[in-house]
Amino acid sequence: VTNSVLFPDVIVEKGAEITDSVIMGRTKIKSGAKVIKAIVGEKAVVGENCTVGSEEEITLVAEGEKINE
């Protein structure tokens, strides 16, 4: 986790990377996932080995959304 804010009850599994992001509460970032320059809403799930965001622009992930690809 680098230059990021994680709210309470966030689960970051082993091997996940979070950079320049804000992760709202009760969110799960699964193993191997990458979150880059993103705002991730409450209760969202970023699946194994998924990438959310990029260096070019801020990405928004809606509350409760599940990212599996």
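This is a predicted model: local features need pLDDT of at least 70, side-chain atom pairs count only at pLDDT 80 or more; totals for chains, interfaces and linings use all residues.
**Notebook: surface, sheet and salt bridges**

I started at Val1, which counts as exposed at 62% relative accessibility (buried is under 20% relative accessible area, exposed over 50%, partly exposed in between, with a 1.4 Å probe and protein chains only). Residues are numbered from 1 along each chain as its sequence is written, and side-chain values use heavy atoms, with hydrogens and water left out.

Val1 sits in the segment before strand E1 (5-6); strands (E, at least two residues) and helices (H or I, at least four) are DSSP runs numbered from the N terminus. I found Val1 together with Leu6 and Val12 in a nonpolar surface patch, about 230 Å² of accessible area in total. Patch residues have over 30% relative accessible area and no salt bridge; nonpolar side chains (Val, Leu, Ile, Met, Phe, Trp, Tyr) are joined within 5 Å, like charges within 9 Å. The areas are Shrake-Rupley with a 1.4 Å probe, and for residues only the protein chains shown count as cover.

Next I looked up the sheet. It is open, with 4 strands in the order E1-E4-E7-E10 and parallel pairing (strands pair if DSSP finds at least two bridges between them). E1 and E10 (59-61) are at the edges with a single partner strand each, so one side of each has no neighbour in the sheet. E7 (residues 38-40) is joined to E10 by 3 bridges, and Ile39 stands opposite Leu60 in E10.

Then Thr27, in the loop between E4 (22-23) and E5 (28-29). Thr27 is buried, at 1% relative accessible area. A polar atom of its side chain lies 2.9 Å from the backbone oxygen of Met24. Beyond neighbours within four places in sequence, I noted contacts of Thr27 (heavy atoms within 4.5 Å) including Asp9, Val40 and Ala44.

Last, salt bridges: a side-chain nitrogen of Lys or Arg within 4 Å of a carboxyl oxygen of Asp or Glu. I get 2 by this rule. Lys28 meets Glu13 at 4.0 Å, N to O. That pair links distant parts of the chain, 15 residues apart, with Lys28 in E5 and Glu13 in the loop between E2 and E3 (17-19). Arg26 meets Glu42 at 2.5 Å, N to O. Arg26 is in the E4-E5 loop and Glu42 in the loop between E7 and E8 (45-46), so this pair ties together parts 16 residues apart in sequence.

Note on methods:
A polar contact is a pair of N or O atoms within 3.5 Å; within protein, one must be able to donate a hydrogen and the other to accept it, and residues adjacent in sequence count only if both atoms are side-chain atoms.
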